[in-house]
Amino acid sequence: MIRRILTLVLALALALPGAALAAETTLPDVEDEVMCPTCSMPLNTAQSPQADEQRAFIRELIADGQDKEQIKAALVAEYGEDVLADPQDDGFGIAAYVVPVLLIVLLAVGLFALLPRRRRRGRVPATGLAAAGGPELSAEDTARLDEDLARYDP
């Protein structure tokens, strides 16, 4: 019993530092979710003095031990709401969420509606060409067809 408890404590002690390191915020984590206010480009691609100042500000906040949400809140307080790369929750910003979902739903409905019809129309009955609307072959045509096919068989 004591052995199990010690094993569990040791496993937790080894896992906690790894979890703390995994939760650490880095500059690239934040850069791709915020915009440069002067360039109107994502910060991870912006190349301007303003973008460099913003990166330095983010590095300071990371050094202070703030997480991503705290850093984003500080950026909004410093540069305004437009610094976030996320669409707004009203007006045109909602369309960024709604339109792709609607397109996927419409495509799925269209596929489900048209696919069964196409399957039914594409089936050829097992009774042969005559049942599929083609002409009935005479005995002479059937023999000639068999001869032609025999020439191509190895």
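**E33 and K72.** I started with E33 and K72, whose side chains meet in a salt bridge at 2.8 Å, N to O. For that term I used a side-chain nitrogen of Lys or Arg within 4 Å of a carboxyl oxygen of Asp or Glu. E33 sits in the loop between α2 and β1 and K72 in helix α4, so the bridge ties together parts that are 39 residues apart in sequence. Helices here are DSSP runs (H or I, at least four residues), strands likewise (E, at least two), numbered from the N terminus. K72 is buried, at a relative accessible area of 9%. My cut-offs were under 20% for buried, over 50% for exposed and partly exposed in between, with a 1.4 Å probe and protein chains only.

**Ground rules.** This is a predicted model, so I kept local features at pLDDT of at least 70 and side-chain atom pairs at pLDDT 80 or more, while totals for chains, interfaces and linings use all residues. Residues are numbered from 1 along each chain as its sequence is written, and side-chain values use heavy atoms, with hydrogens and water left out.

**E33 again.** E33 also pairs with K68, at 3.0 Å from N to O. K68 is in helix α4 and E33 in the loop between α2 and β1 (35–36), 35 residues apart. At 24% relative accessibility K68 counts as partly exposed, and E33 at 21% gets that label too.

**E31 and R55.** Next I looked up the salt bridge of E31 with R55, where the closest N and O atoms are 2.6 Å apart. E31 counts as buried at 11% relative accessibility, and R55 counts as buried at 9%. I then found E31, D52 and R55 linked in a network of salt bridges. My search of the whole structure gave six salt bridges.

**α3 against α4.** The axes of α3 (residues 49–63) and α4 (residues 68–79) come within 10 Å and cross at roughly 140°. Axes are lines fitted to C-alpha atoms, for helices over the stretch in contact, and angles run from 0 to 180 degrees between N-to-C directions. The two helices are therefore oblique to each other; under 35 degrees would be roughly parallel, over 145 roughly antiparallel, 65 to 115 roughly perpendicular, and the rest is oblique. On the α3 side, the contact (heavy atoms within 4.5 Å) includes F57, I58 and L61, and on the α4 side it includes I71, A74 and L75.
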